[in-house]
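This report describes a sheet and a pocket in a predicted model.

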Amino acid sequence: MRLRTYIGLCALALAAVTLAACKRAAVAETKEIQTRLAKDLTIALLSEKGELAMGQNRFIIAFRSASTKQPVDVGTVIVGSSMAMPGMAPMTAPIELEPAGTTGQYLAKGDFAMSGAWKFEVRWNGPAGTGTTSFNTNVR
């Protein structure tokens, strides 16, 4: 094997391991912002500080069985966020979502342009059925 190819493969493997470790660290060190109960699921909104702030945020949406407390794979998850603006259309912040590497946990990224009362709509469709819930939380 050529040296350049070998070095490239090693760098790619190291990057993959580092990314996986970062995802696990982001999931492991979180505090609850809010939880909701929907059917037999407990859905939690989590972040490192236990709150969301104006600007870029990384947070977790976690699904657990309400009865057994075990993580639940809910399949496809979609999250929307909006902030009511009196006399204007609501402000929205796109949320990027990806599996966090742990069953039932999804890593979310959002950029909130203003502090205030934001509403998060969470929808899922998969092995645990379909459902929806919402969170009303303050972005500081």
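## Pocket lining and sheet

The lining of the second largest pocket comprises four nonpolar, four polar and two charged residues. Among the 10 residues that line this pocket, Ala-44, Leu-46, Ala-62, Arg-64 and Gln-105 lie nearest its centre. The space in the second largest pocket amounts to about 170 Å³. At least two lining residues come from each of β1, β2 and β3, and β2 gives the most, with three residues.

The strands that contribute to this lining also belong to a sheet. Five strands form an open sheet in the order β1-β2-β3-β7-β6, with antiparallel pairing. β1 (31-38) and β6 (95-99) are at the edges and have a single partner strand each, so one side of each lacks a neighbour in the sheet. From one strand to the next, the twist averages 20 degrees.

| Strand pair | Sense | Bridges |
|---|---|---|
| β1 and β2 (residues 41-47) | antiparallel | seven bridges |
| β3 (residues 55-65) and β7 (residues 105-112) | antiparallel | eight bridges |

Arg-36 has Ile-43 in β2 as its bridge partner, while Phe-59 stands opposite Ala-108 in β7.

Notes: Residues numbered from 1 in each chain as written. Predicted model: local features only at pLDDT ≥ 70, side-chain atom pairs only at ≥ 80, totals over all residues. Heavy atoms only, no water. Pairing = 2+ DSSP bridges. Helix = DSSP H or I, 4+ residues; strand = E, 2+ residues; numbered from the N terminus. Axes fitted to C-alpha atoms, helices over the stretch in contact; angles between N-to-C directions. 1 Å grid on protein atoms, 1.4 Å probe; cavity = no way out; pocket = protein on both sides within 12 Å on 5 of 7 lines; lining within 4 Å. Points joined across faces, edges and corners; volume = space filled by probe spheres on them. Nonpolar A, V, L, I, M, F, W, Y, C, P; charged D, E, K, R; others polar.
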